[in-house]
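Dear colleague,

My notes on its helix packing follow.

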Amino acid sequence: MLISLSANRIYWLDYAKVIGIFLMIYGHGSLCGDLRNYVFSFHMPMFFFISGMLYKPLPLRDTIKKDWMGLMIPYLLLNLICYIPSFLALSCHGALTLDRLLSNWGAVLLGLGYDTNGFIPIATPCWFIYALFLAKVMMAFSLKKGKKGLLIFCGLSILVTILLQYEKIDLLVPIDSAFLAIPFLSIGYLLKDNVKDLVQDERLSMKVTTFLLLLLWFVLVPYNGMVDMNTCKVGNNLFVFYTTATIASFVFFKICYGSYQLCKNSKIVMGGVILISSSTLLYVAFNLMAIEYTKLIVGSVSQLSTEGGLMGLLVAIMVFLEHIPICMFVIKKCPVLIGKRNR
């Protein structure tokens, strides 16, 4: 992939997206126990942090128009593509019914990322796209009153989340996940320059601080337990959830900045990173289906279980690489799937 470097682009954020994408795939595979808890403690919050850092405020109407084209149109199209294998299989076996159609597409319209109340999503990880759209629209609305308005709305979002958690209310539509994500987007947007300066600070004192934050992350995750932004599980304490996710995201930003510094002169590496980073929506939509088929192929060829930690890692690497030719094709021939227009 040919690239031209821009002075305004924060390239270590592209590295962070790539790491987040791989952890998403790995987490959807065979992860369990403590390792799963560590991955889930920050990998989706980090995406919302990044979205906040890259957020460009526009009037509410323009935000809705832009993000409808950039997020919701791809959301619908990607679900449609993911539905084709299921549609063909159900049709061939005579099992395609109106109830099943309504169940699948009702879940898509609601933005569900899990089976519930008779609704069965098509591409469950796409809840993230839907929630990000809602969160960005809410941010645009709150920013009509400036940064102060965003801070107030951020506080209201936390209060709404506390209420929903206390009453155990599931809103079905991922607006509850969007409320949960608003603080991450807000911090990323409001403190973008500060975060950037701290991440790029190479003084020994900052390296020591980063190491101490890493140790704190290792301590907090077992204390807070399992979290999942899709189902709004925040572990034992909401504020520990926010703290843990923020700490881990910052530590991985530092790691990504170091990786960028090492590889920034390699056009092949930089091209690959930008290719994958630009194709986040494809990885979100296709990774579960790719994991399923990859496990079937690996299992039938090798007769080995794909559920172990090492084999799960191998499957995750294979799925990660399998997407690359798809990303290259989509960017060149069908950019609407990643929210871009044809050139």
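Axes here are lines fitted to C-alpha atoms, for helices over the stretch in contact, and angles run from 0 to 180 degrees between N-to-C directions. Helices are DSSP runs (H or I, at least four residues), numbered from the N terminus. The model is predicted, so that local features need pLDDT of at least 70 and side-chain atom pairs count only at pLDDT 80 or more, while totals for chains, interfaces and linings use all residues. Residues are numbered from 1 along each chain as its sequence is written, and side-chain values use heavy atoms, without hydrogens and water.

Helix α6 (residues 127-142) packs on helix α8 (residues 175-190) at about 60°, the axes being 8 Å apart. That makes α6 oblique to α8 (angles under 35 degrees count as roughly parallel, over 145 as roughly antiparallel, 65 to 115 as roughly perpendicular and the rest as oblique). The crossing is right-handed (the near helix is turned clockwise from the far one by less than a right angle; anticlockwise is left-handed). In contact (heavy atoms within 4.5 Å) are, among others, W127 and M139 of α6 and F179 and Y189 of α8. These contact residues divide into 13 nonpolar, one polar and no charged (Ala, Val, Leu, Ile, Met, Phe, Trp, Tyr, Cys and Pro count as nonpolar, Asp, Glu, Lys and Arg as charged, and the others, Gly among them, as polar).

Helices α1 (residues 11-28) and α3 (residues 43-53) pack at about 155°, with axes 9 Å apart, which means that α1 is roughly antiparallel to α3. Their crossing is left-handed. The contact includes W12, K17 and G20 of α1 and H43 and F47 of α3; by class, it has 10 nonpolar, two polar and one charged residues.

Yours sincerely

Methods
Helix = DSSP H or I, 4+ residues; strand = E, 2+ residues; numbered from the N terminus.
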